[in-house]
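Please open the model in your viewer and keep the sequence panel beside it. This tour goes stop by stop: what to select, then what is there.

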Amino acid sequence: MEAKELIRYLKSIGLDVHTSTNARGHQGFYMKKRIDISKNIAQNRIIPTLIHEFSHYVHSLIEPLMERTGGTLEVIFDDNSVEKYEKELILVTNFVDSHSKFEKSEAHKKLIKQKILEQEKIIKNKYPKFLRSKKFKEFDKYIKKSKAKYLLKYDRVKLVSGFIFKKYEILSIDNIEKDFTDMPKEFCAYIRLKSYQKRQSRLSAKINRMKKYYNKPTELFARFVEGLYLDQEEVKNTAPLTYNRFFELLETNYYPYMNELIQMF
């Protein structure tokens, strides 16, 4: 199957297809009978992405509120017991899109955790009762009189002083010892610990946000159909219950226009 052939089919059923947009920052995007494909997409990703976005369209026909709610597996598979499908669909998503496993992010998160423990160890050498969950009174007393307090909020700051003849001073978390020669190493470690904690929180929030996206029923369904194109046998082996249920419903024309697409590949 060629991309041109697929696009002709999508247009023949009333979809508006654009292949030279930014696709709202994604490889592809679907909304209200329109499919946008990024002009920067790799050639080998054009057909899978078209199939993915087309699957959203098919889903919207059987569940009209899908675009707003993300849909439900109960409607997608016409079944009230969907836990078995959800587990398999997550595995298929991991096969179709390796980013959904968050391997790099989890490795980065693990590294940050190790950095936090290293800074905590430095602090506890002098303050053995130090706890991350409680106030560090000795530090709080010291930092009030130091410009280093700005580094508790930002890793790098530019301080401006003077009215007519302005003076600029750059402070960085990487140069604490150089910029504040009188600061005890335990306090330097605490500033870095707080920085790593902020990074950890941001990364955790990003992972949780992306997991919520990948686990949306409409996304699970779209990647399942995309997977059928990429390697049907792999999907069948990975998600046998979902595979069988999908083709059962396909035979009854439960998914509008999907039969024709499946036959094309």
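**Stop 1: Gln-119.** Select Gln-119 in helix α6, which spans residues 103–126. The model is a predicted one. Is Gln-119 buried or exposed? Its relative accessible area is 9%, and the cut-off for buried is under 20%, so Gln-119 counts as buried. Now show what touches Gln-119 beyond its neighbours within four places in sequence: Ala-189, Arg-192, Leu-193 and Tyr-196.

**Stop 2: aromatic pairs.** Colour the aromatic rings. There are 26 aromatic pairs in the structure. Select Phe-130 and Tyr-190, an edge-to-face pair with 5.8 Å centre to centre and 90° between the planes. This pair links distant parts of the chain. Phe-130 is in the loop between α6 and α7 (137–143), Tyr-190 is in helix α9 (residues 185–214), and 60 residues separate them. Phe-130 and Tyr-190 are both buried.

Next, select Phe-139 and Phe-187. Their ring centres are 5.5 Å apart and their planes lie at 80°, so this pair is edge-to-face. It too joins distant parts of the chain: Phe-139 belongs to helix α7, Phe-187 to helix α9, 48 residues apart. Phe-139 and Phe-187 are buried.

**Stop 3: an aromatic cluster and two lysines.** Select Phe-77, Tyr-85, Phe-221, Phe-224, Tyr-243, Phe-246, Phe-247, Tyr-254 and Tyr-255. Together they form one aromatic cluster. The charged end of Lys-84 sits over the Tyr-85 ring, 4.7 Å from its centre. Then jump to Lys-158, whose charged end sits over the ring of Tyr-168, 4.7 Å from the ring centre.

**Stop 4: the nonpolar cores.** How many residues does the largest nonpolar core have? It has 44. Select Leu-10, Leu-15, Leu-50, Phe-54, Phe-246, Tyr-255 and Met-258, which have the most contacts inside it. Elements that each supply at least two residues of this core include α1 (3–12), β3 (34–38), α2 (46–62) and α5 (83–96). Also on that list are α10 (217–238), α11 (240–251) and α12 (258–264). Helix α2 gives the most, with eight residues.

Zoom in on Tyr-255. Not counting residues up to four places away in sequence, Tyr-255 touches Val-58, Ile-62, Ile-76, Phe-77, Phe-221, Phe-246, Leu-249 and Leu-250. Another core, of 28 residues, lies apart from the largest one. Tyr-127, Val-157, Ile-176 and Met-183 are among its members.

**Stop 5: the largest pocket.** The largest pocket has a volume of about 1100 Å³. Which residues are closest to its centre? Select His-26, Asp-97, Tyr-213, Tyr-214 and Arg-223, out of 35 residues in the lining. Two or more lining residues come from each of β2 (28–31), α2, α3 (66–69), α6, α9 and α10. Helix α9 gives the most to this lining, with five residues.

**Stop 6: His-18.** Finish in strand β1 (residues 16–21), where His-18 lies. His-18 is partly exposed, with a relative accessible area of 26%. His-18 and Ile-35 are 17 residues apart in sequence and 6.2 Å apart in space, C-alpha to C-alpha. Leaving aside neighbours within four places in sequence, His-18 is in contact with Arg-34, Ile-35, Asp-36 and Ile-37.

Key. Residues numbered from 1 in each chain as written. Predicted model: local features only at pLDDT ≥ 70, side-chain atom pairs only at ≥ 80, totals over all residues. Heavy atoms only, no water. Helix = DSSP H or I, 4+ residues; strand = E, 2+ residues; numbered from the N terminus. Buried < 20%, exposed > 50% of the residue type's maximum accessible area, 1.4 Å probe, protein only. Contact = heavy atoms within 4.5 Å. Phe/Tyr/Trp six-rings, centres within 6.5 Å; stacked < 30°, edge-to-face > 60°. Lys NZ or Arg CZ within 6 Å of the ring centre and 35° of its normal. Core = buried A, V, L, I, M, F, W, Y, C linked by side-chain atoms within 4.5 Å. 1 Å grid on protein atoms, 1.4 Å probe; cavity = no way out; pocket = protein on both sides within 12 Å on 5 of 7 lines; lining within 4 Å. Points joined across faces, edges and corners; volume = space filled by probe spheres on them.
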